[in-house]
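Welcome, and thanks for taking a look. Please open the model in your viewer and keep the sequence at hand while reading the notes below.

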Amino acid sequence: MNKNEIKEAIQEVLAEMHVPKLGGQFAIYKKMGAAQFNLIDPRYVRFSRRDGTAAERIEKDGAVLVEVAPGNGPRSYDWQGSKIAFSLGLSDLAIWMADPYEKIELFHDTPNSPDKKKLIVQRGAKNGYMLTLTETVQNKSVTVPISDGEYELLLRLLLAAAPTFIGWI
């Protein structure tokens, strides 16, 4: 093997050994409920180019998974029975970021299913924000209060996550 062949072999082995990193979680815990925000990386598929080299392209865009659960006691949340999940995609973020300090309403419905979900973020009665997730099939609704500081941090995290949805980072 010559030097170039060894270099190419090493690059192929390294590409196959690529281990995806796992992102952290942003979580908000309050007495009445909790919210967790998790980054979902895009799903890539490998393909061969016309010149024979390998490449990857996005098969499915990334998202931020929002999960909420009601409080059911001191520092205890019903993640098993009452959790509601909502996936924020790029178009959802575009709607949210158009005017993030006004009431936000996002709707998702599953094709060929009666399941409908709604995410609402609006100013609280006194201060902060209220994040409410509703699911129609099981008639569930969970509201989580968010402080002004937590909301500002959430907005910045969502903006920073957006480029990863489409593989720009």
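Are Phe26 and Phe37 buried or exposed? Phe26 is buried, and Phe37 is buried as well; buried stands for under 20% relative accessible area, exposed for over 50%, and partly exposed for what lies in between, with a 1.4 Å probe and protein chains only.

## About the model

This is a predicted model, in which local features need pLDDT of at least 70 and side-chain atom pairs count only at pLDDT 80 or more, while totals for chains, interfaces and linings use all residues. Residues are numbered from 1 along each chain as its sequence is written, and side-chain values use heavy atoms, leaving out hydrogens and water.

Let us begin with the strands. Helices (H or I, at least four residues) and strands (E, at least two) are DSSP runs numbered from the N terminus. Two strands pair if DSSP finds at least two bridges between them. Strand 1 and strand 2 run antiparallel and are joined by 5 bridges; they form a hairpin with 3 residues between them. Gln25 has Asn38 of strand 2 as its bridge partner.

Strand 2 also pairs with strand 5, again in the antiparallel sense, over 8 bridges. Here Leu39 has Val64 of strand 5 as its bridge partner.

## Aromatic pairs and charges over rings

Rings of Phe, Tyr and Trp (its six-membered ring) pair if their centres lie within 6.5 Å; planes under 30 degrees apart count as stacked, over 60 as edge-to-face and the rest as tilted. The count comes to 4 aromatic pairs. Phe26 and Phe37 form a tilted one, with 5.9 Å centre to centre and 35° between the planes. This pair links distant parts of the chain, with Phe26 in strand 1 (residues 25-29) and Phe37 in strand 2 (residues 33-40), 11 residues apart.

Tyr29 and Tyr77 are tilted too, at 5.6 Å centre to centre and 40° between the planes. Tyr29 lies in strand 1 and Tyr77 in the loop between strand 5 (63-70) and strand 6, 48 residues apart. Tyr29 counts as partly exposed because its relative accessibility is 42%, whereas Tyr77 is buried at 17%. Elsewhere, ring pairs link Tyr101, Tyr129 and Tyr151 into a cluster.

A charge sits over a ring if NZ of Lys or CZ of Arg is within 6 Å of the ring centre and within 35 degrees of the ring normal. Arg123 lies over the face of Tyr129, 4.5 Å from the ring centre. Likewise, the charged end of Arg57 sits over the ring of Phe47, 4.4 Å from its centre.

## The two sides of helix 2

Which residues of helix 2 (residues 90-98) are buried? They are Asp92, Leu93 and Trp96.

Contact means heavy atoms within 4.5 Å. The cover over the buried residues of helix 2 includes strand 6 (84-88), strand 7 (104-109), strand 8 (116-123) and helix 3 (148-165).

## Around Thr143

Finally, Thr143 has its place in strand 10 (residues 140-146). Leaving aside residues up to four places away in sequence, Thr143 touches Met32, Gly33, Met130, Leu131 and Thr132.
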